[in-house]
Amino acid sequence: MTTPSASWTSYPLLTPEQVSSYLTRVSLSSKPEDPSSEYLRALQFSTLTNIPFDTSRMHLKKTIGRDPQDSETPFRWGGGEGVNIDVQHCYRQIVELRRGGYCFANNGLFAAVLRSIGFRVAQVPARVYMLRNKDPKEVGYDWSGMNNHQVLIVSVPGEEGEWLCDVGFGGGGSPYPILLAHDVQSESITDDESFFLLKESLPGADKQFLPYEDAGISWTLYRTFEKGFLEKKDRYSSPLYHFVNLSCTQFDWEIVNYFTSHCPSAYFSHFMSISRLLPSGTRWSLVFDSKRDPEAGEYYSRHGSSGGFENVQKVPMTEGAIWEILSRDFGFLPDL
């Protein structure tokens, strides 16, 4: 974990050359002359469809000096080096090695890119709804015990309004920035889902738990399933996460990331996911879940929110089997 310094309140930027390389990584030709909401929309979409959600650094060993595809060694939960969210480290992992990261890495690097282009960015903590894709009217509310997610609130110089941006949620989030406004529908790639924000207290929480309620800066992001989700066919909305519009410093994120990346009780300690959204709305995911199947993982695709699981393949828990998919389908490069 990084030790705070005299510059702990500053936010890291990228060089013009690094910004150019990032844009190439996400298949955009060049940065704009001036920031705009239209470019912000294009940049978020291109980032999500090129950079995967990726927790493999927590569990897979470094590949220096060896070909990981030749290894029959079983991967060990927590056997990786953990996740380093220093922006320059994230740049090397995501741009140079063509890998991904989870929210603190992907959104942290995205924030540095946006600031370097000229956007104004706040990195804001969020509390995740743990009954993912469920209808709270049927199952109630269960929120993460800590603010274990990061989102970005972005403003464009010369334009009114703010935008919620998120390139690190790992599936089910909006592919486009969402205007920070109460109860305004936001489209998705496919017509079977949409998104909206509600300016509200944390749903289902005791009122004594809501220190920011009177400040009017508390929001919940919802995902609407226009055609239902899997076995449920009726239209309903499910929360994704709840956040208070207060920015944190890089050192704040280091503390939360250390817990998420190293603590045995953290969610990702026994759950590995590498997942990428395609421009068509189809998502490919490689998932290992020790609670669901301790012997093997699954590699599959899903289209939109109403489609079922397709192209399902069982994947052995060996470095070689995992790296074959990561190299071939996700474009991961071995460690330098």
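**Exercise 1. Overall fold**

What share of the contacts in the protein chain with a separation of 6 or more is accounted for by residues 24 or more positions apart? Describe also the secondary structure and the dimensions of the protein chain.

*Solution.* The structure is a predicted model, in which local features need pLDDT of at least 70 and side-chain atom pairs count only at pLDDT 80 or more, while totals for chains, interfaces and linings use all residues. Residues are numbered from 1 along each chain as its sequence is written, and side-chain values use heavy atoms, with hydrogens and water left out.

Step 1. Contact means heavy atoms within 4.5 Å. Residues 24 or more positions apart make up 62% of the contacts with a separation of 6 or more.

Step 2. The protein chain contains seven helices and 13 strands (DSSP runs numbered from the N terminus; helices are H or I with at least four residues, strands are E with at least two). Its radius of gyration is 19 Å, close to the 20 Å that the globule rule gives for 336 residues, so the protein chain is as compact as a globular protein of that length. The radius is taken over C-alpha atoms, and the rule is 2.2 Å times the number of residues to the power 0.38.

Step 3. The C-alpha trace spans about 55 × 50 × 40 Å along its principal axes.

**Exercise 2. Burial and helix H3**

Determine what percentage of the protein chain is buried, and identify what covers the buried residues of helix H3.

*Solution.* Step 1. Buried means under 20% relative accessible area, exposed over 50%, and partly exposed in between (1.4 Å probe, protein chains only). Of the 336 residues, 56% are buried.

Step 2. In helix H3 (residues 87–96), seven of the ten residues are buried; among them are Cys90, Tyr91 and Ile94.

Step 3. The cover of these buried residues includes helix H1 (16–25) and helix H4 (103–117).

Step 4. Helix H4 holds Phe104, which is buried at a relative accessible area of 2%. Beyond its neighbours within four places in sequence, Phe104 contacts residues including Ile85, His149, Trp253 and Val256. The C-alpha atoms of Phe104 and His149 are separated by 7.4 Å, although the two residues are 45 apart along the chain.

**Exercise 3. Salt bridges**

Count the salt bridges, and compare the surroundings of the pairs Glu187 with Arg41, Glu193 with Arg223 and Glu298 with Arg292.

*Solution.* Step 1. Side chains of opposite charge can pair when their charged atoms come close. A salt bridge requires a side-chain nitrogen of Lys or Arg within 4 Å of a carboxyl oxygen of Asp or Glu; the count comes to twelve.

Step 2. Glu187 and Arg41 form a salt bridge at 2.6 Å, N to O. Glu187 belongs to strand E6 (residues 186–187) and Arg41 to helix H2 (residues 37–48), so the pair ties together parts that are 146 residues apart in sequence. Glu187 is partly exposed at 47% relative accessible area, and Arg41 is partly exposed at 32%.

Step 3. Glu193 and Arg223 form a salt bridge at 2.7 Å, N to O. This pair links strand E7 (residues 193–199), which holds Glu193, to strand E8 (residues 218–225), which holds Arg223, across 30 residues. Both Glu193 and Arg223 are buried.

Step 4. Glu298 and Arg292 form a salt bridge at 3.7 Å, N to O. Glu298 is buried at 17%, whereas Arg292 is exposed at 64%.

Step 5. A network of salt bridges links Arg57, Lys62, Glu81, Arg99 and Asp335.
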